[in-house]
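Q: Can you walk me through this structure? I'd like to start with the overall layout and then look at some helices.

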Amino acid sequence: MKIVFAISEVEELVKTGGLADVGKALPLALNKAGEDVAIVMPYYKELAETYNLSTACDTQILFCEGKVYHFDIRMMDWHSINVYFVDYPDYFMRDGLYSNAYEAYADNGERFSFFSGAVLQTLKALSLVPDVIHCHDWHTAVLPYLLSHDQGGFFERTRSVFTIHNAAFQGVHQIQQIPFLRHHPNIQSQVHGGYINMLQMGIEFATKVTTVSPNYAQELLTDLGSHGLHERLVKRQADLSGILNGCDYTQWNPATDSFLPANYDADNLHAKQTCKQGLQKKAGLPVNTTVPLIGMVCRLTDQKGFGYILPILDDLAKHNVQIVIVGTGDPKVCMDLDEFAQQHPNQFNFINGFSTEYAHLVEAGADFFLMPSQFEPCGLNQMYSLAYGTIPIVRAVGGLKDTVVDNTHSDAATGFMFTSPTPEALLTCIRRALLFYYEHPNEFRAMQKRGMHTRFTWQAAAEQYLSLYQSAV
Ligand SMILES: Nc1ncnc2c1ncn2[C@@H]1O[C@H](COP(=O)(O)OP(=O)(O)O[C@H]2O[C@H](CO)[C@@H](O)[C@H](O)[C@H]2O)[C@@H](O)[C@H]1O
């Protein structure tokens, strides 16, 4: 099949979060399965400054009432996949993908509506007729709408698949601030109180709608778990499915990981202790392999559970435990974590930054990985943790529930889980994990190994996407 990914981030090229992991791994898995895959993404400043890419064809022109957009299409051969970049400096030659360090760009609705239109124009310019255009999150959610209203027959046999990676980000914008869309002939049906909701447009117009775990697909049908979208999603229930993300075991493998001071595998976990010492040294904590070390790497947002992590830090510090948190995001969370680090320099460090090296070192060097999310469409770090013999402590939501087995199921257990989104429930769960570490070292080791043998492959995910694409066409 000819499949085009319209996506805003791809690991290795540009990344702010888990979307990029999927943006790399899924196209590569489909390509490996013999499918014809291309990617179209924005030519961000970071990319323009790193790669000096040539154009793929003449400058393109898009007309909208009252506005003319001239843009270039650049291209790169990347792991045997053609990646096309929409080069429109007014919208993408900026620091940050969606925001300057502090605030979302006010014209994000216009930037990414234009990008969706530019993807379709790019395919026309390249005479590339896909069977499926696979769109991801609000950034490309307008594309299925534009595709279904496209005139002229070029996309007659092209279908769209829309994947929700995070339903909390919906792209709600005033239509008047989106010159690219505001005069579109059918747009009024999408305007409510002067606003459009880009995610809703993707849900309504895509041929098939997916999300990134079976459990989150179920949650999206409920009032509580849908971020206000359940009525729309219930309408599309027959076309909605959840396909679990995979783990890229070429990149996340403790036996070959070049970021680590030592490599290890499930048969010989000894060198994991060297990684723990390496992490303790790098994070400025006392080097001591007997004290349990809890790690966390994430965007600092409410989604990741900081509403109940911050209130328990003082209680947690009363235990013999070390904690390392790596992340960027909400300035208030940053300040609180920083203050706590200053008060407990021998137990806690907060690294305020985006560091792939740190992410790998935490996965390898920690004993436990904390992921107590408020909601979690799939979650990737818990899968990386399992692969590294680092026991996940997670909340039983979304994809976390699909990938971690709680310790109460002792024969199959791979981690620790709690349900209630409260500081008390989280603290109880962490205490349960610490007790297990101290009192059951053999079972702890068995749990580590069980996790390391668990597999969530991108190949399995790609097979499911492929049959979905086939059902769409
Ligand atoms: N400071 C930092 N330094 C280095 N690396 C960092 C980092 N902060 C985050 N990362 C990396 O970014 C990725 C985060 O992936 P997640 O799936 O955990 O979350 P995210 O919420 O961004 O993704 C959304 O999309 C993905 C993909 O579908 C879903 O799994 C998820 O549930 C959904 O919320 C991981 O590769 C992690 O290591």
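What follows is a short chat about the domains and some helix packing.

Q: What kind of model is this?
A: It is a predicted model.

Q: Which domains does the domain assignment give?
A: It gives domain 1, made of residues 2-246 + 458-472, and domain 2, made of residues 270-453.

Q: How far apart are the C-alpha centres of domain 1 and domain 2?
A: They lie 33 Å apart.

Q: And how many residues of each are in contact?
A: On the domain 1 side there are 17 residues, and they touch 10 residues of domain 2.

Q: Which elements give two or more residues to the domain 1 side?
A: Those are α1 (18-32) and α8 (214-219). The most comes from α8, with 4 residues.

Q: How does that side divide into nonpolar, polar and charged?
A: The domain 1 side has 6 nonpolar, 9 polar and 2 charged residues.

Q: Back to α1. What is the angle between α1 and α19?
A: The axis of α1 crosses that of helix α19 (residues 458-472) at roughly 75 degrees, and the two axes come within 9 Å. Angles of 65 to 115 degrees count as roughly perpendicular, so α1 is roughly perpendicular to α19.

Q: Which residues meet there?
A: From α1 they are A25, L26, A29 and L30, and from α19 they are W458, Q459, A461, A462, Y465 and L466.

Q: What types are they?
A: The contact of α1 with α19 has 9 nonpolar residues, 1 polar and no charged.

Q: Is the crossing of α10 and α14 left-handed or right-handed?
A: The crossing of these two helices is left-handed.

Q: Which residues make the contact?
A: In α10 they are K272, C275, K276, G278, L279 and K282, while α14 supplies L361, V362, A364 and G365.

Q: How do those divide by type?
A: The contact of α10 with α14 comprises 5 nonpolar, 2 polar and 3 charged residues.

Q: What does UniProt place at residues 2-233?
A: An unreviewed UniProt entry puts the feature "domain: Starch synthase catalytic" there. Over residues 2-233 the chain is 31% helix and 25% strand, with the end C-alpha atoms 27 Å apart.

Q: And what does UniProt list for residues 283-436?
A: The record, an unreviewed entry, lists "domain: Glycosyl transferase family" for them. Over residues 283-436 the chain is 38% helix and 21% strand, and the end C-alpha atoms are 25 Å apart.

Terms used: Residues are numbered from 1 along each chain as its sequence is written. This is a predicted model: local features need pLDDT of at least 70, side-chain atom pairs count only at pLDDT 80 or more; totals for chains, interfaces and linings use all residues. Domain bounds come from an automatic or database domain assignment. Two residues are in contact if their C-beta atoms, placed from the backbone, lie within 7 Å. Ala, Val, Leu, Ile, Met, Phe, Trp, Tyr, Cys and Pro count as nonpolar, Asp, Glu, Lys and Arg as charged, and the others, Gly among them, as polar. A crossing is left-handed if the near helix is turned anticlockwise from the far one by less than a right angle, and right-handed if clockwise. UniProt positions are given in the numbering used here, feature names are shortened, and annotations may be inferred rather than shown by experiment. Axes are lines fitted to C-alpha atoms, for helices over the stretch in contact, and angles run from 0 to 180 degrees between N-to-C directions. Angles under 35 degrees count as roughly parallel, over 145 as roughly antiparallel, 65 to 115 as roughly perpendicular and the rest as oblique.
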